[in-house]
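Please walk through this structure with the model open beside the text, turning to each part as it is named.

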Amino acid sequence: MTYRLYYWPKIQGRGELVRLPLEAVGAKYVDVARTAGVPAMMKVMKDPRLKTPSFAPPFLQAGKLVIGQVANILLYLGDHHDLAPKTEAGRLWAHQVQLTITDFFAEVHDTHHPISTGLYYEDQKHEAKRRTRAFLDERLPKFLGWFEDVIARNGSKKGWSIGNQLTYVDTSLFQIVEGLRYAFPKATKKRLADAPRIVRVSDLVAAQPRVDAYLASDRRIAFNEDGIFRHYAELDE
Ligand SMILES: N[C@@H](CCC(=O)N[C@@H](CS)C(=O)NCC(=O)O)C(=O)O
């Protein structure tokens, strides 16, 4: 089966949390808006015949299923590509961690758009500075500390976050590390010094041959100031 991924064509954004596991397992997929344009994506999203419309991209078409919400898409991919535990307890746990990653992404987004997504960054710069300060000083250490604990309690000898092999939580943690390094290089250097297990997971993911090939390809969009992880020097420490 060839999946159809619907996401904004010029950013990594939340879509990258889906692209990475698809690439890691060598799944066939069409990145619809990148090949056919945004109107093709909006046509599907707004199709009145669709019984499961998404509130926002990304969403994934898998045969007859159209699945929205990153964590929900990954729940599906985890089951179908051996990227999550098989037991009920394990599936729920991976999903729980991923839902926390969803929360984390919302907070990262709000560092540059604390007032409204409808306003430009330049129109909320003052608030963005205050928000980022609180994010870097309080929220980031709390999230990273929790992810560290998740990995430590898992106890995998190699260092995986869930069980003893690659899961979609690992690919998402990789994206967090890459995104933080891009957006807040100074603050991240300090914070990751206290998070060796997360760095290890990120390194393990980057060393996966298919991920490595993907990162070097033009399918990997470069970070930029339209995505979730944006670099504004004035916001970094
Ligand atoms: N919780 C959703 C968030 C989806 C989301 O916010 N998508 C953004 C792009 S990253 C979007 O297009 N939002 C449009 C909107 O909220 O109106 C998920 O994890 O998939």
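A pocket here is an open set of points on a 1 Å grid over the protein atoms alone, with protein on both sides within 12 Å along at least five of seven lines, and its lining residues have an atom within 4 Å of a point. Grid points are joined across faces, edges and corners, and a volume is the space filled by probe spheres set on the points. This is a predicted model, in which local features need pLDDT of at least 70 and side-chain atom pairs count only at pLDDT 80 or more, while totals for chains, interfaces and linings use all residues. Residues are numbered from 1 along each chain as its sequence is written, and side-chain values use heavy atoms, with hydrogens and water left out.

Helix H5 (88-112) gives the most to the lining of the largest pocket, with 4 residues. Helices (H or I, at least four residues) and strands (E, at least two) are DSSP runs, numbered from the N terminus. By class, the lining of the largest pocket divides into 12 nonpolar, 8 polar and 4 charged residues, where Ala, Val, Leu, Ile, Met, Phe, Trp, Tyr, Cys and Pro count as nonpolar, Asp, Glu, Lys and Arg as charged, and the others, Gly among them, as polar.

The second largest pocket has a volume of about 210 Å³. Its lining is made up of 13 residues, of which Glu 23, Ala 27, Tyr 29, Tyr 214 and Arg 219 lie nearest its centre. At least two lining residues come from each of H1, S2, helix H2 (32-36) and helix H10 (209-216), and the lining as a whole has 5 nonpolar, 2 polar and 6 charged residues.

Strand S2 also belongs to an open sheet of 4 strands, arranged in the order S2-S1-S3-S4 with mixed pairing. Strand S2 (29-31) and strand S4 (65-68) are the edge strands, each pairing on one side only, and the twist averages 20° from one strand to the next. Two strands pair if DSSP finds at least two bridges between them. Strand S1 (residues 3-6) and strand S3 (residues 59-62) run antiparallel and are joined by 3 bridges; the partner of Tyr 6 in S3 is Phe 59.

Helix H1 (residues 16-24) lies across S1, S2 and S3, and runs at about 150° to S2. Axes are lines fitted to C-alpha atoms, for helices over the stretch in contact (heavy atoms within 4.5 Å), and angles run from 0 to 180 degrees between N-to-C directions. Because 9 of the 9 residues of H1 are buried, this helix is largely enclosed by the rest of the structure. Buried means under 20% relative accessible area, exposed over 50%, and partly exposed in between (1.4 Å probe, protein chains only). The buried residues of H1 include Glu 16, Arg 19 and Glu 23, and just after the helix Gly 26 takes a positive phi of about 70°.

Most residues other than glycine have a negative phi, and most peptide bonds are trans. Gln 69, in the loop between S4 and helix H4 (70-80), has a positive phi of about 70° although it is not a glycine, and at 55% relative accessibility Gln 69 counts as exposed. Asp 82 has a positive phi of about 55° and counts as partly exposed, at 38% relative accessibility. The peptide bond from Pro 57 to Pro 58 is cis, with omega near 5°, and Pro 58 is found in the loop between helix H3 (38-45) and S3.

In strand S4, Ile 67 is buried, with a relative accessible area of 10%. Leaving aside its neighbours within four places in sequence, Ile 67 is in contact with Ser 54, Phe 59, Leu 60, Asn 72, Ile 73 and Tyr 76.

The structure also holds 1 cavity of 30 Å³ or more, a cavity being a set of points where a 1.4 Å probe fits but cannot get out. About 60 Å³ of space lies in the largest cavity, whose lining includes Ile 11, Gln 175 and Phe 229.
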